[in-house]
Amino acid sequence: FILSQTLVAKALAVPGAQAKVLKTAQRKDKEGHLYYAFEYVTKTNSYERHALTIVTITQGQFYTLTTGSSERRWDKMKSRLQTTIDSFNVYY
């Protein structure tokens with residue numbers, strides 16, 4: 001959970017945005033490599049964005065995939081975006 005909060009606050013949210021992590025999860029691929037996924041919302045005065053991110057570290061490299069939509073479109077898009085995040089794998 002601390003990893004997701006730090007990444008959202010320091011790297012994924014625009015400066016000055018309010019950010020809240022809603023959910024975290026982890027999974028392993030067939031070779032046992034660990035992936036961390038999280039769902040979060042960022043808010044500024046002009047917009048609110050809902051996003052999904054997945055990260056993994058392997059062979060000294062950091063890999064990430066982030067996808068999202070406006071909060072207004074989230075209910076329509078969340079299933080498609082979750083499928084994208086679930087399909088993320090790094091091959092070595």
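Tyrosine 40 is buried, its relative accessible area being 3%; buried stands for under 20% relative accessible area, exposed for over 50% and partly exposed for what lies in between (1.4 Å probe, protein chains only). The model is a predicted one, in which local features need pLDDT of at least 70 and side-chain atom pairs count only at pLDDT 80 or more, while totals for chains, interfaces and linings use all residues. Residues are numbered from 1 along each chain as its sequence is written, and side-chain values use heavy atoms, with hydrogens and water left out.

The ring of tyrosine 40 has a partner in phenylalanine 38: the centres are 6.0 Å apart and the planes stand at 40 degrees, so this pair is tilted. Rings of Phe, Tyr and Trp (its six-membered ring) pair if their centres lie within 6.5 Å; planes under 30 degrees apart are stacked, over 60 edge-to-face, and the rest tilted. Phenylalanine 38 counts as buried because its relative accessibility is 3%.

By this rule there are two aromatic pairs. In the pair formed by tyrosine 35 and phenylalanine 88, the ring centres are 6.0 Å apart and the planes are at 90 degrees, so the arrangement is edge-to-face. This pair links distant parts of the chain, since tyrosine 35 belongs to strand E2 (residues 34-43) and phenylalanine 88 to the segment after helix H2 (74-86), 53 residues apart. Both tyrosine 35 and phenylalanine 88 are buried. Over the ring of tyrosine 35 sits the charged end of arginine 27, 4.4 Å from the ring centre; the criterion is NZ of Lys or CZ of Arg within 6 Å of the centre and within 35 degrees of the ring normal.

Helices (H or I, at least four residues) and strands (E, at least two) are DSSP runs, numbered from the N terminus.

In soluble globular proteins, nonpolar side chains tend to be buried together. Here the largest nonpolar core has ten residues: Tyr35, Ala37, Leu52, Ile54, Trp74, Met77, Leu81, Ile85, Phe88 and Val90. Such a core is a set of buried Ala, Val, Leu, Ile, Met, Phe, Trp, Tyr and Cys residues joined through side-chain atoms within 4.5 Å. At least two residues of this core come from each of E2, strand E3 (48-58) and H2, and H2 gives the largest share, four residues. Another core, of nine residues, lies apart from it and includes Ala13, Val21, Phe38 and Ala51.

Serine 4, in helix H1 (residues 2-12), is buried, with a relative accessible area of 3%. Leaving out residues up to four places away in sequence, serine 4 touches Val21, Thr24 and Phe38; contact means heavy atoms within 4.5 Å. In helix H2, glutamine 82 is partly exposed at 30% relative accessible area.

For the protein as a whole, buried residues make up 34% of the 92 residues. A compact globule with 92 residues would have a radius of gyration near 12 Å, and the 13 Å of the protein agrees with that; the radius is taken over C-alpha atoms, and the globule rule is 2.2 Å times the number of residues to the power 0.38. The C-alpha trace spans about 45 × 30 × 20 Å along its principal axes.
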